[in-house]
Amino acid sequence: MITIKGLIGVIVPVYKVEKYIAECIESILAQTYTNFRLILVDDGSPDNAGIICDEYAKKDSRITIIHQENGGVTSARARGVEEATDCEFITFVDTDDTIVENALDTLFHNKYQNCDIVI
């Protein structure tokens with residue numbers, strides 16, 4: 001797959017977070033930097049978190065949802081990385097977190113300021 005210049009893959013492992021997932025997704029969709037792909041990895045969540053992710057994916061073409069058997073957060077992140085082959089950059093967001101609206105913009109623009117890593 002061809003890497004798209006400037007495309008940021010945002011990988012979110014999803015497990016037992018139906019209370020938080022919508023707020024997390026909304027904070028990512030509200031980014032000022034819009035050249036991103038949101039990869040939600042449902043790690044066999046027994047609650048409605050996977051269903052909530054499916055609903056968001058129907059509304060926004062930047063969202064990819066992957067459903068897998070529970071393998072733990074490391075497995076979910078690794079699966080997300082496998083899916084993000086078209087992304088120039090990758091970042092991770094935990095489902096019980098939200099990010100400020102300029103987080104991806106800051107990540108992208110600082111990368112071109114000779115930074116090796118942006119935290």
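Residues are numbered from 1 along each chain as its sequence is written, and side-chain values use heavy atoms, with hydrogens and water left out. As the model is predicted, local features need pLDDT of at least 70 and side-chain atom pairs count only at pLDDT 80 or more, while totals for chains, interfaces and linings use all residues.

**The interior**

The largest nonpolar core has 23 residues. A nonpolar core is a set of buried Ala, Val, Leu, Ile, Met, Phe, Trp, Tyr and Cys residues joined through side-chain atoms within 4.5 Å. Buried means under 20% relative accessible area, exposed means over 50%, and partly exposed lies in between (1.4 Å probe, protein chains only). Ile-8, Val-10, Val-12, Ile-25 and Leu-38 have the most contacts inside this core. Two or more residues each come from β1, α1 (21-29), β2, α2 (49-59) and α4; α1 gives the most, with 5 residues. These elements are DSSP runs numbered from the N terminus: helices are H or I with at least four residues, and strands are E with at least two.

Which residues does Ile-25 touch, leaving aside its neighbours within four places in sequence? Ile-25 is in contact (heavy atoms within 4.5 Å) with Leu-38, Leu-40, Cys-53, Tyr-56 and Ile-63. A second, separate core has 8 residues, among them Ile-11, Ile-39, Ala-76 and Cys-87.

Helix α4 (residues 103-111) has Leu-104, Leu-107 and Phe-108 as its buried residues. These three lie on the same side of α4, because they cover an arc of only 90° around the axis. The arc is that of the directions from the helix axis to the C-beta atoms. An α-helix has 3.6 residues a turn, so residues three or four places apart point the same way. The cover over the buried residues of α4 includes β1 (4-14), β2 (36-43) and β4 (87-92).

**Salt bridges**

The whole structure holds 7 salt bridges. A salt bridge is a side-chain nitrogen of Lys or Arg within 4 Å of a carboxyl oxygen of Asp or Glu. The table shows three of them.

| Pair | N to O distance |
|---|---|
| Arg-37 and Glu-83 | 2.4 Å |
| Lys-58 and Glu-55 | 3.2 Å |
| Arg-79 and Glu-83 | 3.7 Å |

Arg-37 lies in strand β2 and Glu-83 in helix α3, so this pair ties together parts that are 46 residues apart in sequence. Arg-37 is buried at 12% relative accessibility, and Glu-83 is partly exposed at 24%. Salt bridges that share partners join Arg-37, Arg-79, Glu-82, Glu-83 and Asp-86 into one network.

**Loops and surface**

Lys-16 is in the loop between β1 and α1 and is exposed, with 52% relative accessibility. Its phi is near 50°, a positive value in a residue other than glycine. Asp-96, in the loop between β4 and α4, is also exposed, with a relative accessible area of 52%. The C-alpha atoms of Asp-96 and Ile-21 are separated by 6.9 Å, although the two residues are 75 residues apart along the chain.

Thr-106 of helix α4 is partly exposed at 34%. Thr-106 and Thr-32 are 74 residues apart in sequence and 9.7 Å apart in space, C-alpha to C-alpha.
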